[in-house]
Amino acid sequence: MSTYKLFQIDAFTDKLFSGNPAAVMVLDRFFSDKVMQNIAQENNLAETAFVVPRNDSAFDLRWFTPKAEIEFCGHATIASAHVIIQELGHVDPLIFHTQIGPLKVTHSKFGYTLSAPHYTSQPIPINDKLLTIFGPNIVGAYTAANNTYIELSSSAEVEQFLPNFPLITDYLLSISKPTLQGISIMAIGDGDYHEYDFISRHFAPLHGVPEDPVTGSAHAAMGPFFAKRL
C-alpha cells in the first residue's frame, strides 16, 4: 500500500493554532478528482491543496474544499509554498500553475508574499433578500469573481453580525450557477478596529465552510476595493 505525507499548515499567522489551517499534499501526479475530494472532505478544513512538480521547476496546484474543487485559494497557496520551501528545501520564487493562471510566491524574513489576482468589483442591487439577511444598514453590494460582497456601515456591525445560515445558503443557491459562490461582509476599520484599513468575514456554506477564518481570495477583491478609498 502506498503512503503519502500530508502537512497541516496554519497560514496568515505566526502563532500555532490560529490563522487559517490548510492541508497540503505534494504528489508525483494528481489523484483522481474523486479521491482528492474524499481526502478534502475527511480533512474537513477550508481547503486541501494538492501540488505536483512540473519539469520546468514550477508546480501545478489544485484546491478542494470539503464539498468542491475551487479555482483560487490564497491561504492554501501560502501554505503550499511554506511546505515546498521549509519542508522540501526548494528556493523561491515559486510559480504555481492553477485554473486562474500562474501565481507567484516569494519568501523573505518578513514572511510570504503572494502575487494575487486583482479582482474588480461591480455593484449589484440591494434586494429584499440581502436586507433580510444583513439588515437595513447595507452601504453597498458588489460582485467579483465567485463572491458577493456586502459593505456594512461600521466594523462593529461586521463583528456582531449573527449569520442565519439557512437564509445565506438559500441566497447563494439562487446565484450559484454555474459556479458555487461565497459571500463576504466588510467595513472600513473604525471604532475598536480603527488601526485596520478594513475588516471582513466570509461565509461559504455551499463549499462546506460555514464561516472561513480568513479568506485570501476574497481579499483579491476587497484590497483593490478599499485601496480606491484609502
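Predicted model: local features only at pLDDT ≥ 70, side-chain atom pairs only at ≥ 80, totals over all residues.

1. Let me start with Ser57, which is exposed at a relative accessible area of 63% (exposed means over 50%, buried under 20% and partly exposed in between, with a 1.4 Å probe and protein chains only). Ser57 sits in the loop between strand S3 (47–53) and strand S4 (59–64). Its phi is positive, about 75°, although Ser57 is not a glycine.

2. Residues are numbered from 1 along each chain as its sequence is written, and side-chain values use heavy atoms, with hydrogens and water left out.

3. Five of the six residues of S4 are buried, so S4 is largely enclosed by the rest of the structure. S3 and S4 are antiparallel and pair over six bridges (two strands pair if DSSP finds at least two bridges between them). In this pairing Ala49 stands opposite Trp63 in S4.

4. With strand S5 (residues 69–70) S4 runs antiparallel, joined by two bridges, and Trp63 has Ile70 in S5 as its bridge partner. A hairpin of four residues connects S4 to S5. S4 also pairs with S6 in the parallel sense over two bridges, and there the bridge partner of Phe59 is Phe96 in S6.

5. Elsewhere in the chain, an open sheet of six strands has mixed pairing and the order S9-S10-S11-S12-S13-S14. Its edge strands, each pairing on one side only, are strand S9 (122–123) and strand S14 (209–212). S14 pairs with strand S13 (residues 198–204) in the antiparallel sense over two bridges, and His202 stands opposite Asp212 in S14.

6. Which peptide bonds to proline are worth checking as cis? Pro93 is placed in the loop between helix H2 (74–87) and strand S6 (94–98). Another cis peptide bond joins Lys177 and Pro178, with omega about 5°. Pro178 lies in the loop between helix H5 (165–175) and strand S12 (182–188).

7. Phe12 is placed in the loop between strand S1 (7–11) and strand S2 (20–26). Is Phe12 buried, partly exposed or exposed? At 41% relative accessibility, Phe12 counts as partly exposed.

8. Ser153 is in the loop between strand S11 (147–152) and helix H4 (155–160), and is partly exposed at 44% relative accessibility. Leaving aside residues up to four places away in sequence, Ser153 touches Asn137, Val139 and Asp190 (contact means heavy atoms within 4.5 Å). Ser153 and Asn20 are 133 residues apart in sequence, and their C-alpha atoms are 26 Å apart in space.

9. Now for the whole chain. Its secondary structure comes to six helices and 14 strands (helices are DSSP runs of H or I with at least four residues, strands are runs of E with at least two, and both are numbered from the N terminus). The radius of gyration is 18 Å, close to the 17 Å that the globule rule gives for 230 residues, so the chain is as compact as a globular protein of that length (taken over C-alpha atoms; the rule is 2.2 Å times the number of residues to the power 0.38). Along its principal axes the C-alpha trace spans about 55 × 40 × 30 Å.

10. Last, burial, contacts and charge. Of the 230 residues, 46% count as buried. Among contacts between residues at least 6 apart in sequence, 55% join residues at least 24 apart. The chain has 14 positive and 23 negative side chains, and the centres of the two sets lie 6 Å apart (Lys and Arg count as positive, Asp and Glu as negative, while His and the chain ends are not counted; each charge is placed at NZ of Lys, CZ of Arg, CG of Asp or CD of Glu).
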